[in-house]
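Biologist: I am new to this model and would like a close look at one part of it, namely the charged pairs on its side chains. Could you take me through them slowly and define the terms as you go?

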Amino acid sequence: MKSLSLSRRKKTLSAWLVLGCSVITLVGCSDTPVSLPTTTPDTAAVTPSASTQATKPANTAIETELPYKFPLTGLPSAKEVKSRPFMVMVENAPQARPQTGLDQADIVYEILAEGEITRFVSVFQSHEATTIGPVRSIRPYFVEIGDALDAVIVHAGWSQEAMDMMAGRKLAHLDEVYGDGAYYWRSTDRKAPHNLYTSVDKMKKGAEARKFRSEWNGPLLTFAKDDGQSKLTGAAVHYILIPYLQGYFVSYEYNPAEGVYMRSMEGKPHLDKESGKQLQAKNLLVLESKHKIVDKEGRREVDVFGPNKGVILQEGKSQQITWERKNGMLRAYAEDGKEVPLLPGNTWVQIVPEGTALKME
């Protein structure tokens with residue numbers, strides 16, 4: 001009996017020791033508008049919101065056995081991705097909102113067009129979006145972005161300079177206005193021209209019918225390694241307001257639980273029409289660019305080559321950068337000249353006129 005009791009006591013002690021070790025292991029802003037060319041604000045001068053302080057960014061380390069990654073998001077893929085992306089011109093006039101499909105784009109560029117409006121250059125490669133639009137016309141600086149990406153350019157109409165550029169370079173493109181209407185459709189719930197849509201499936205059929213090259217020769221992006229978390233060195237930013245012209249006010253608010261910036265237009269959440277989801281960005285870049293109005297219709301020249309100034313935001317942090325188009329992409333560079341890597345996920349790029357006053361908190 002003594003021997004049995006001693007044995008039980010030893011087992012009990014061992015259990016408590018294991019439990020104890022397990023426990024030890026487990027335990028163990030300003031409202032003043034700022035311009036992009038200004039120096040990085042002191043981190044201590046910007047006080048994050050209580051929710052930002054209390055919640056750490058979601059860990060974006062990708063733990064997966066999938067052997068490949070999507071080139072434009074850095075997220076896991078079961079197979080090697082060699083297909084060309086599609087670059088779709090999506091309208092942003094009030095009559096076109098809410099849009100459909102932007103929540104499934106790998107990269108979205110927002111840039112001013114004529115008429116004091118902005119337009120979206122949306123790039124699709126990793127998602128089979130079933131509805132994208134409303135689709136509108138293209139301009140030369142949008143063509144430059146699509147050409148550099150080696151994307152199939154999808155649009156409805158053009159400026160003469162843009163068409164001359166695409167024809168001269170023999171670029172792959174699908175134009176609903178001239179010959180490619182079979183790969184689009186018009187909805188009945190909106191009036192033309194704000195009701196034109198396409199899908200990845202229809203764009204693929206159009207590219208195949210037009211015998212476009214299917215294998216991608218595009219650029220590679222630089223993504224963060226190791227834990228996949230942001231290494232930005234600037235001030236904490238939980239809110240940014242980007243004032244485009246004529247009331248096209250865009251803002252983003254940081255969601256610490258998800259580690260993303262949530263997009264709003266005119267102070268209201270910017271939602272996808274079909275999914276009802278608020279648009280969001282894992283990587284947010286605001287890039288200053290030279291803008292020039294070139295004709296009486298208000299068409300513009302917009303520099304998409306750089307270099308120029310900007311700011312990048314990731315996981316509630318910011319960093320002043322210099323941007324420049326290199327190897328087919330608009331890339332962010334730190335003060336030491338090294339490229340600032342993106343985090344795995346989608347990217348929104350806001351291209352704004354030089355001197356645009358941003359409000360960051």
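Modeller: Lys204 is partly exposed, with a relative accessible area of 41%, where partly exposed covers the range between buried (under 20% relative accessible area) and exposed (over 50%), taken with a 1.4 Å probe on protein chains only. Lys204 forms a salt bridge with Glu128, and the closest N and O atoms of the two are 2.8 Å apart; the term salt bridge stands for a side-chain nitrogen of Lys or Arg within 4 Å of a carboxyl oxygen of Asp or Glu. Because Lys204 lies in helix α5 (residues 200–209) while Glu128 lies in the loop between β6 and α3, this pair ties together parts that are 76 residues apart in sequence. Helices (H or I, at least four residues) and strands (E, at least two) are DSSP runs, numbered from the N terminus. Glu128 is also partly exposed, with a relative accessible area of 48%.

Before going further, please keep in mind that this is a predicted model, in which local features need pLDDT of at least 70 and side-chain atom pairs count only at pLDDT 80 or more, whereas totals for chains, interfaces and linings use all residues. Residues are numbered from 1 along each chain as its sequence is written, and side-chain values use heavy atoms, with hydrogens and water left out.

A further salt bridge joins Arg169 to Asp147, with the closest N and O atoms 2.7 Å apart. Here Arg169 belongs to helix α4 (residues 160–169) and Asp147 to helix α3, so the pair ties together parts that are 22 residues apart in sequence. Arg169 counts as partly exposed at 36% relative accessibility, and Asp147 likewise counts as partly exposed, at 28%. Both residues also take part in a network of salt bridges that links Glu144, Asp147, Arg169 and Arg325.

Asp227 and Lys231 make another such pair, in which the closest N and O atoms are 2.9 Å apart. Asp227 is partly exposed, with a relative accessible area of 31%, whereas Lys231 is exposed, with a relative accessible area of 55%. The pairs described here are among the 19 salt bridges that the structure holds.

A cis peptide bond joins Gly133 and Pro134, with omega about 0°. Most peptide bonds, by contrast, are trans.
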